[in-house]
Amino acid sequence: MKKILSVLAALTLTASLLTGCSGKAASTPAETAGQAESASAAESTMESAAETETVSQQETTVAETEGSQPAEASGEETAVRVMALKGPTAMGMVQLMDTAEAGPVGGNAYEFTIAASADEVTPRLVQGDADIAAVPANLASVLYNNTEGKIQVLAVNTLGVLYIVESGDTVQTAADLKGKTIYASGKGSTPEYALNYILSSNGIDPEKDVTIEWKSEHSECVAALSSGEGGIAMLPQPFVTTAQAKNDSIRIALDLTKEWDALQAGVETPSALITGVVVVRADFAAENPEAVSAFLDSYKESVDFVNGSTEDAAALIEKYDIVPAAVAVKALPYCNITFIEGTEMKEKLSGYLNVLFGQNPKAVGGKLPADDFYYSR
């Protein structure tokens, strides 16, 4: 346990992307802060959401949860404690959360916790105080390696949410980034690895051919982008929307998910740009295979609902204080919330982790995870 806890501090950076898609129209994975009020002025809502990203110790618990003990399940029900980050991962679960308020779903009595950042989720998962959790994709691999296989990945739940935006019209292709200054946050985590991969694959040396100014928060990138003409930034949703609300001349120049996919053409084992996954404690999965299968079925149904009923999903997203409905409506189409399990999940995620490993083995915990990392039902 001492070894595991010593790693937790180093994992905090991996949360920035996932939590960005939650702070209002700012950047999608934004995190918690004070409570963003519904929708008065669009701009003030976005700004307050951007500020939420800096708060790391506040969490919202859904369905009467106090402390770390699981809720008692009656009869044959299985108590399942689920954690998600205040961003696209939690957005994808809102229908299941809402349904679970009325009672057990598929034989599972759920307790949901929406956390501000991954450093809240990790210790509870490792210590057995949570059963299932949504975490950054590379963090799942790090946890697997540092717990010696006690964490398994159930499904991919969020693809890429990163975009290159500019307050001009100079960037039409990735090659156009050569010689530019790019404002970005997330150094040492998914954003840096994704950007470096796309740049180098397009013949651009990240160290020599571009200037990347790393900021500590997405909101700083928005400020730098808005401070002068011709600014370029790499931002996740909904921070992209926030930036556009402050400056209507800002446009999305490149969707890094599409850029990544374009590079996979002709690759024998193609990968995908993956932001988040949902994981389970291996012991819990082994002891409760039916409960895990029921969760996956219900979660897929929830994701389908969120992607197919934007207005209704946005209302639930506001209900659970993730972001205001007005923000969710605009951000959802860009959050790439998905549900991929089984063979396709293993193929895409293993390919993605292999790309990260090639750049920095520490990004995935020092080595690529073995086959038992990928849960199959």
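Does Y163 count as buried or exposed, and what is its relative accessibility? These legends go through a predicted model, one close-up at a time.

**Figure 1. The whole chain, for orientation.** The chain has 377 residues, and 57% of them count as buried. There are 16 helices and 12 strands. The accessible surface comes to about 14,500 Å². Carbon and sulfur atoms hold 46% of that surface. Now take the contacts with a separation of 6 or more: residues 24 or more positions apart account for 79% of them.

**Figure 2. Y163 and Y334, an aromatic pair.** The chain has nine aromatic pairs. In this one, the ring centres of Y163 and Y334 lie 6.1 Å apart. Their planes meet at 80°, so the pair is edge-to-face; the cut-off for that label is over 60 degrees. The pair links distant parts of the chain. Y163 sits in strand β6, while Y334 sits in the loop between α15 (325-331) and β12 (337-340). The two are 171 residues apart. Back to the opening question: Y163 counts as buried, because its relative accessibility is 4% and the cut-off is under 20%. Y334 is partly exposed, with a relative accessible area of 35%.

**Figure 3. W260 and Y352, a tilted pair.** Here the ring centres of W260 and Y352 are 5.7 Å apart. Their planes are at 45°, so the pair is tilted. This pair, too, links distant parts of the chain. W260 belongs to helix α11 (residues 256-263). Y352 belongs to helix α16 (residues 342-359). The separation is 92 residues. Both W260 and Y352 are buried.

**Figure 4. An aromatic cluster of Y110, F112, F295, Y299 and F339.** These five residues form one cluster. Look out for F295, which returns in the next view as a contact of N108.

Figure 5. N108 lies in strand β3 (residues 108-115). Is N108 buried or exposed? N108 counts as buried, because its relative accessibility is 1%. A polar atom of the N108 side chain lies 2.9 Å from the backbone oxygen of A291. Leave aside the neighbours within four places in sequence, and N108 is in contact with T78, V80, A291, A294 and F295.

**Figure 6. E166, a buried residue in strand β6.** Strand β6 covers residues 162-166, and E166 is part of it. How large is the relative accessible area of E166? The value is 0%, so E166 is buried. Which side chain makes a polar contact with the side chain of E166? The partner is R251, at 2.8 Å. Not counting residues up to four places away in sequence, E166 touches V171, L225, G231, I232, S249, I250, R251 and A253.

**Figure 7. Helix α7, enclosed by the rest of the structure.** Helix α7 spans residues 137-146. Why is α7 described as largely enclosed? The reason is that 10 of its 10 residues are buried. Among them are A137, L139, V142 and Y144. The buried list also includes N138, S141, N145 and N146. An α-helix has 3.6 residues a turn, so residues three or four places apart point the same way. After α7 comes E148, with a positive phi near 55°.

Conventions. Residues numbered from 1 in each chain as written. Predicted model: local features only at pLDDT ≥ 70, side-chain atom pairs only at ≥ 80, totals over all residues. Heavy atoms only, no water. Helix = DSSP H or I, 4+ residues; strand = E, 2+ residues; numbered from the N terminus. Buried < 20%, exposed > 50% of the residue type's maximum accessible area, 1.4 Å probe, protein only. Polar contact = N/O pair within 3.5 Å; in protein donor to acceptor, adjacent residues only side chain to side chain. Contact = heavy atoms within 4.5 Å. Areas by Shrake-Rupley, 256 points an atom, 1.4 Å probe, with all protein chains shown as cover. Phe/Tyr/Trp six-rings, centres within 6.5 Å; stacked < 30°, edge-to-face > 60°.
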